[in-house]
Structure formats: structure tokens, C-alpha cells
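The model under discussion is shown below.

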Amino acid sequence: MVEELNEGSFSTVVNTIFKFEVAPAQTVELKLVEVHGESSGMPKAEGQERFALYFVGPGESFLPQKSYPVRHEQIGDFEIFLVPIAREADGFRYEAVFNRVTT
């Protein structure tokens with residue numbers, strides 16, 4: 001399924017929950033709130049697909065920068081590198097950036 005993950009895949013599941021595995025049998029739920037890529041004005045790079053995902057999560061569960069196994073009901077299981085970018089009034093905001101060669 002990972003090879004099928006692209007900006008379009010994530011754009012269809014904005015405002016849904018992703019479960020990030022933080023320890024064996026322990027997950028933290030983050031909500032995908034934005035997808036930024038070519039369709040949202042990011043400059044197009046020939047032969048590449050570039051996009052960013054923005055998640056929000058609870059204030060009591062800080063996720064440090066690293067790769068996490070992730071599960072989503074529609075997309076399935078995959079791994080993602082997540083970076084905390086802000087603390088907001090209702091929790092933490094995270095970013096995951098994709099930059100991949102296309103054929």
C-alpha cells in the first residue's frame with residue numbers, strides 16, 4: 001500500500017484519525033487537519049511529488065520527532081516520519097513531509 005500513498009490519498013481522508021504507535025500495544029490518535037501540495041499551491045518540481053501533512057494531537061501526549069508505525073482505517077498500515085512543530089491551546093501540531101521521485 002505504501003507505493004500508493006500520495007497527496008490524493010491523504011486529501012481524501014482529511015479530518016480523520018490516524019493511530020500512531022508510540023510503544024508496543026500503545027497508540028496516540030492524531031487528526032489529519034491539512035494536506036499541502038501542488039493542489040494547494042506548492043510549486044511543482046519536475047519528476048517529483050512533494051506534499052506535507054499536518055496533524056493535531058492531544059496536549060497530554062507529546063510525540064517526539066521520529067518515525068512511527070501508523071494505522072488508518074481506509075489507508076492501512078505504513079510508517080511516517082513525524083515532526084512536532086507547535087504547541088497550541090488544545091494540543092500539539094505535527095508535520096510530515098513527503099518528497100519522492102515519480103515516474
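Six strands form a closed barrel in the order β1-β2-β3-β6-β5-β4, with antiparallel pairing. From one strand to the next the twist averages 45°. The model is predicted, so local features need pLDDT of at least 70 and side-chain atom pairs count only at pLDDT 80 or more, while totals for chains, interfaces and linings use all residues. Residues are numbered from 1 along each chain as its sequence is written, and side-chain values use heavy atoms, with hydrogens and water left out.

Strands are DSSP runs of E (at least two residues) and helices of H or I (at least four), numbered from the N terminus; two strands pair if DSSP finds at least two bridges between them.

| Strands | Bridges | Opposite residues |
|---|---|---|
| β1 (residues 17–23) and β4 (residues 66–72) | two | K19 and R71 |
| β4 and β5 (residues 76–88) | seven | S67 and F81 |
| β5 and β6 (residues 91–101) | five | E88 and G91 |

Three residues separate β4 from β5 in a hairpin.

Eleven aromatic pairs are found in the whole structure, where rings of Phe, Tyr and Trp (its six-membered ring) pair if their centres lie within 6.5 Å; planes under 30 degrees apart count as stacked, over 60 as edge-to-face and the rest as tilted. F10 and F51 form a tilted pair, with ring centres 6.0 Å apart and planes at 40°. Because F10 lies in helix α1 (residues 7–11) and F51 in strand β3 (residues 48–57), this pair ties together parts 41 residues apart in sequence.

Conventions: Axes fitted to C-alpha atoms, helices over the stretch in contact; angles between N-to-C directions.
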